[in-house]
Amino acid sequence: MSGDADPVAAELADLVFQVAGRLRVSFNANAAELDLPPTQALALTLLDSPTPMRDLADRLSCDASNVTGIIDGLERRGLVVRRPSPTDRRVKHLVLTEEGERRRAELRARNHAKAAELFALPPQQRRQLRDLLAALLPAED
């Protein structure tokens, strides 16, 4: 059955991994410029509102115990605080500090600028690529 593999699908997978690799390299470089390890930078970009630690672990695709170390580092930098959930004191919500929000905005702006360079296609092709990639992902609830 492996001989029947779609060569176009294989090529698409290779190309997507190459593009993702370039995005990752630039993300890591942007994080380093802001004195953030990549995992802390990624966590910072994912925190938009008070977020339970379990939810962040799910978004990072890691065990909740790993998030503790990541958040410890962000807390030491003054970028995040832990607050008890208003409905369950056993649950800790992660909240960005003012400096955390500023650093997140700077990181996102740098990443968006690099992405614009990487996806330097004519506007119609850029929209078409966006739509094709979006069609591969399930709709969020």
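Helices, here H or I runs of at least four residues, and strands, E runs of at least two, are DSSP runs numbered from the N terminus, and in that scheme serine 61 belongs to the loop between α3 and α4. The model described here is predicted. Its three strands make up an open sheet with antiparallel pairing, ordered β1-β3-β2, and helix α4, residues 64–76, packs on that sheet.

- Two bridges link β1 with β3, the strand of residues 92–96, and they run in the antiparallel sense; threonine 51 has leucine 94 of β3 as its bridge partner, while proline 52 has histidine 93 of β3.
- The pairing of β2 with β3 is likewise antiparallel and extends over five bridges, and within β3 it is valine 95 that stands opposite valine 81.
- Strand β3 is mostly covered, since four of its five residues are buried, that is, under 20% relative accessible area.

**Packing of helix α4**

- Where α4 packs on the sheet, the helix touches β2 and β3, and the direction of α4 makes about 115° with that of β2.
- Helix α4 also meets helix α2 (residues 38–46): the two axes come within 9 Å and cross at roughly 85°, which makes α2 roughly perpendicular to α4, because angles of 65 to 115 degrees are classed that way.
- On the α2 side this contact is made by Thr39, Gln40, Ala43 and Leu44, and on the α4 side by Ile70, Gly73 and Leu74.
- By residue class, the contact of α2 with α4 comprises four nonpolar and three polar residues and no charged ones.

**Arginine 104 in helix α5**

- Arginine 104 is part of helix α5, which covers residues 98–118, and this arginine counts as buried because its relative accessibility of 13% is under the 20% limit.
- The side chain of arginine 104 makes a polar contact of 3.4 Å with the side chain of aspartate 48.
- When neighbours within four places in sequence are left aside, the residues in contact with arginine 104 are Leu44, Thr45, Leu47, Asp48 and Leu96; among these, Leu44 also takes part in the contact of α2 with α4.

**Loop residues**

- Aspartate 63 is located in the loop that joins α3 (53–60) to α4, and with 46% relative accessibility this aspartate counts as partly exposed, because the value falls between the 20% and 50% limits.
- The side chains of aspartate 63 and serine 65 are joined by a polar contact of 2.5 Å.
- Serine 61, in the loop between α3 and α4, has a phi near 55°, a positive value in a residue other than glycine; serine 61 is exposed, because its relative accessible area of 69% is over 50%.
- Aspartate 35, found in the loop between α1 (7–33) and α2, likewise has a positive phi, near 60°, in a residue other than glycine, and aspartate 35 is exposed because its relative accessible area of 54% is over 50%.

Definitions and conventions. Residues numbered from 1 in each chain as written. Predicted model: local features only at pLDDT ≥ 70, side-chain atom pairs only at ≥ 80, totals over all residues. Heavy atoms only, no water. Pairing = 2+ DSSP bridges. Contact = heavy atoms within 4.5 Å. Axes fitted to C-alpha atoms, helices over the stretch in contact; angles between N-to-C directions. Buried < 20%, exposed > 50% of the residue type's maximum accessible area, 1.4 Å probe, protein only. Polar contact = N/O pair within 3.5 Å; in protein donor to acceptor, adjacent residues only side chain to side chain. Parallel < 35°, antiparallel > 145°, perpendicular 65-115°, else oblique. Nonpolar A, V, L, I, M, F, W, Y, C, P; charged D, E, K, R; others polar.
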